[in-house]
Amino acid sequence: VATGGGGYRVDIRGVGEPLLALRTTDGLTENDLRSVAADDSGNVYFGGSNGGFDEYHGSSGRIDRLGSDIRSSDHSVKSINSIAIHGDTVYLATGYGITEWFPEKGVFGPTVNKIAGLPTDDSVVQVIDDGSFIYAAMHEGIAFLPSDSDIQLNAGGWKIISDTSVTALASFHNSIYVGTSNGLYVVSSGNQRLILTAFPGSAVAHLLATADTLYVLDSTGMVYSTPNGVQFISQNVSSYAGSKVTAISISQDIGLIAGTTAEGLAYYVSKTLLRQIFPSGPITSTVGSLHFATATDQLYETNGLAGFSLFQPSTDNWQDFESGVGTTPKDIYQYAL
């Protein structure tokens, strides 16, 4: 799980298995994470909002900080919005374009920051490679380039199907599905245009494809599933989870797993959706002031406009208090009670 307060790993099958938390104190470049992906060897890649790009080796627990070149670059927006792995290439969709990383060689590949005639350093939301084409989700549409092309040397070969803001991509049943602020589309043969599907929801936030099902998360937190891109079944997972769903994943053993804005991870056990608070942490990773009160055995922390939080070491739990309109906690004072 990539969160604004670090990376987390939880074994939802192992009873009593401790939560693994990864933060800057454990070796990550930054705590404000935007993306996460794992390869077939069990290595996990984290992308940060400020260009942090780290590889966590599950076998040894070692973390390699790989993103120093990105962080030191002159790109104004360095966030790594999503990470995709295809073969021996790791694609980074970033705030300035697309960067490739070759893990077997331990080096960065080419970077392209001007795609299909769009402005330089235009943000890319997501990248997928279906073996024939590399597709890039952008605010102006979906850009594509043959997979056997160098993304930088063949920068002039990028083409774009213009549309409203593209938010998500998925390869499903030999077709490319495109989530936009206007709904769900599929790319026509020959990459000529986008064809509107029968998706009944609102703006698409995330797409997830398995061998037999395409899952669609819309901007309201509703989850839809379809076996063919024609018939859709909806499920209000957000209402069951108790908080708006912002990300979804699938486990063969567990089923649908949902990440929420305030209730951590939600997943099904015996057809009952359970809530677990994983990551435990403050409202944001921006700390204004800290004070540990020995009288109450609690850590108090201000988080600027977001509010303030307190941590209880005895229970290992955080409790958040969001700010009211126009209020900004500036400092913490200890009062004699």
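**View 1. Overview of the predicted model.** This is a predicted model in which local features need pLDDT of at least 70 and side-chain atom pairs count only at pLDDT 80 or more, while totals for chains, interfaces and linings use all residues. Residues are numbered from 1 along each chain as its sequence is written, and side-chain values use heavy atoms, with hydrogens and water left out. The secondary structure comprises two helices and 31 strands; helices (H or I, at least four residues) and strands (E, at least two) are DSSP runs, numbered from the N terminus. Of the 337 residues, 43% are buried, where buried means under 20% relative accessible area, exposed over 50%, and partly exposed in between (1.4 Å probe, protein chains only). The protein exposes about 16900 Å², of which carbon and sulfur atoms supply 49%; accessible areas come from the Shrake-Rupley method with a 1.4 Å probe, and for residues only the protein chains shown count as cover. Among contacts (heavy atoms within 4.5 Å) between residues at least 6 apart in sequence, 38% join residues at least 24 apart.

**View 2. The sheet β1-β2-β3.** Three strands form an open sheet in the order β1-β2-β3, with antiparallel pairing; two strands pair if DSSP finds at least two bridges between them. β1 (2-3) and β3 (20-22) are the edge strands, each with a single partner, so one side of each has no neighbour in the sheet. Strand β2 (residues 6-9) is joined to β3 by three bridges. Glycine 7 has leucine 22 in β3 as its bridge partner.

View 3. All five of the five residues of β18 (residues 183-187) are buried. On one side, four bridges join β18 to the antiparallel strand β17 (residues 175-180), and threonine 180 stands opposite glycine 183 in β18. The hairpin of β17 and β18 has two residues between its strands. Strand β19 (residues 194-196) is joined to β18 by three bridges, again in the antiparallel sense, and valine 187 has leucine 194 in β19 as its bridge partner. Six residues lie between the strands of the β18 and β19 hairpin, where glycine 190 takes a positive phi near 80 degrees.

**View 4. The sheet β20-β21-β22-β23.** This open sheet of four strands is paired in the antiparallel sense. The edges are β20 (204-209) and β23 (233-235); each has a single partner strand, so one side of each is left without a neighbour in the sheet. From one strand to the next, the twist averages 20 degrees; axes are lines fitted to C-alpha atoms, for helices over the stretch in contact, and angles run from 0 to 180 degrees between N-to-C directions. Strand β22 (residues 223-226) pairs with β23 over three bridges, and serine 225 stands opposite isoleucine 233 in β23.

**View 5. The surroundings of glutamine 298.** Glutamine 298 belongs to strand β29 (residues 298-302) and is buried, with a relative accessible area of 11%. Its side chain makes a polar contact with the side chain of tyrosine 300 (2.9 Å); a polar contact is a pair of N or O atoms within 3.5 Å, and within protein one must be able to donate a hydrogen and the other to accept it, while residues adjacent in sequence count only if both atoms are side-chain atoms. Not counting residues up to four places away in sequence, glutamine 298 touches His291, Phe292, Ala293, Leu310, Phe311, Gln312 and Pro313.
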